[in-house]
Amino acid sequence: MTTINKIENQLKWKPTVLLGIAIYLGYLAVFFTTWTINGVDYSRIGENVETTKLWYALPTLFGSLFLVVVISVLGWWRIVLFDKTKAGPKWAWILPIAMILLIIYSFSQLDTTKLSAELLLWSTLGAIGVGFGEEMITRGSMVAGLRSQFTEGKVWLYSTLLFSALHIPNVIFGLPLAAMPIQVLLTFIMGSGLYIIRRISGTLIIPMLLHGLWDSSVFLTESTGTESSPVTVIVYPLALVCVIAVVHKNWQAKVS
C-alpha cells in the first residue's frame with residue numbers, strides 16, 4: 001500500500017458537497033459574528049492598528065482556528081492541501097511569479113515612517129488568517145467536497161463562485177452597494193487565478209501564501225496612506241488567460 005493510500009485510509013469522514021458547504025457556512029458564521037461584535041466599518045478596515053486588529057486579523061484568525069479543529073476532526077489535511085496530480089501548462093507559472101513581483105513592489109512603496117511594529121504584527125497575523133481561512137474554505141475543503149460529485153470544470157466554477165459570494169455581505173458592513181458587483185467580479189477573477197495556482201503547483205499552500213501577502217499589501221497601503229499603484233491590475237488579465245487555458249483543457253477531468 002502506498003503512503004498516499006495509507007493517508008487516505010485515515011480519513012474519518014468521506015468528503016461530500018454537503019460537508020464542504022457546511023464548513024464554508026461555519027467559517028462565515030464565525031467571521032461575520034466577530035465582525036458584528038467588533039462593530040466593523042468596512043470602509044475603514046486597515047486604516048490604523050486598531051481596525052487592522054479587530055476587523056482584519058481577529059475575524060480571520062478565529063475563523064482559521066475553527067477550520068483547524070474541523071479539518072482535524074474530519075482527517076482531511078492531505079486532501080485539502082495536496083492534489084495527486086498537477087494540471088496546466090508551465091507558462092501559467094507567470095501568474096504566481098507576477099503576483100510575487102507585484103507584492104514585493106507594493107511593499108516597497110509603503111511609507112515606512114507610518115509602519116509601526118504593532119501595525120506590522122497585526123497585518124501579518126491578518127495575512128496568515130485570510131490566506132489560510134479563505135483558501136481553506138473555498139479552494140481547500142470546498143474543492144475536496146465538490147470533487148466527490150463533479151468534474152474539475154464545475155469544481156473550479158462552483159468553488160470560485162462561492163469565493164466571490166463570501167464578499168457580498170460586505171455591503172451590510174459599509175461597502176457601497178454600487179461597488180459590490182465590481183468587488184464580486186474581481187474576486188471571481190482572482191479566485192480563478194488562485195485555483196489555477198493550486199492546479200499547476202499541486203498544493204494549496206502556495207495560494208494561501210500569495211493570498212495572504214496580497215491582502216496584507218493592500219491593507220498596509222491603506223494603513224500607511226500610500227497611494228496604490230495601478231500596475232497591480234495586470235494580475236487580473238493574467239488570471240483570465242491562465243484559467244481559460246487550464247480549465248478548458250481539464251473541464252471534464254475527474255480529480256481525487
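**View 1. The largest pocket of the predicted model.** About 1,300 Å³ of space lies in the largest pocket of this structure, which is a predicted model. The lining of this pocket is made by 46 residues, and those closest to the centre of the pocket are Tyr42, Gln183, Asp215, Val218 and Phe219. Two or more residues of the lining come from each of helix H2 (17–38), helix H3 (49–74), helix H5 (94–108), H6, helix H8 (180–201) and H9. Among these elements, H9 gives the most to the lining, with eight residues. Sorted by class, the lining of the largest pocket holds 27 nonpolar, 15 polar and four charged residues.

**View 2. The crossing of helices H6 and H9.** Helix H6 spans residues 117–146 and helix H9 spans residues 205–223, and their axes come within 8 Å and cross at roughly 140°. Because of this angle, H6 counts as oblique to H9, and the crossing of the two helices is right-handed. On the H6 side, the residues that meet H9 are Leu119, Leu120, Ser123, Ala127, Val130, Gly131, Phe132, Glu134, Glu135, Met136 and Arg139. On the H9 side, the partners are Pro207, Met208, His211, Gly212, Asp215, Ser216, Leu220 and Ser223. The residues of this contact divide into nine nonpolar, six polar and four charged. Asp215, listed here in the contact with H6, is also one of the residues closest to the centre of the largest pocket.

**View 3. The crossing of helices H3 and H6.** The axes of H3 and H6 come within 7 Å and cross at roughly 40°, and the two helices are therefore oblique to each other. H3 passes H6 in a left-handed crossing. The residues with which H3 and H6 touch divide into 16 nonpolar, eight polar and two charged.

**View 4. The crossing of helices H6 and H8.** The axes of H6 and H8 come within 11 Å and cross at roughly 65°, and H6 passes H8 in a right-handed crossing. From H6, the contact is made by Glu135, Arg139 and Gly140, while from H8 it is made by Gly191, Leu194, Tyr195 and Arg198. By class, the residues of this contact are two nonpolar, two polar and three charged.

Methods
Residues numbered from 1 in each chain as written. Predicted model: local features only at pLDDT ≥ 70, side-chain atom pairs only at ≥ 80, totals over all residues. Heavy atoms only, no water. Axes fitted to C-alpha atoms, helices over the stretch in contact; angles between N-to-C directions. Helix = DSSP H or I, 4+ residues; strand = E, 2+ residues; numbered from the N terminus. Parallel < 35°, antiparallel > 145°, perpendicular 65-115°, else oblique. Left-handed = near helix turned anticlockwise from the far one by under 90°. Contact = heavy atoms within 4.5 Å. Nonpolar A, V, L, I, M, F, W, Y, C, P; charged D, E, K, R; others polar. 1 Å grid on protein atoms, 1.4 Å probe; cavity = no way out; pocket = protein on both sides within 12 Å on 5 of 7 lines; lining within 4 Å. Points joined across faces, edges and corners; volume = space filled by probe spheres on them.
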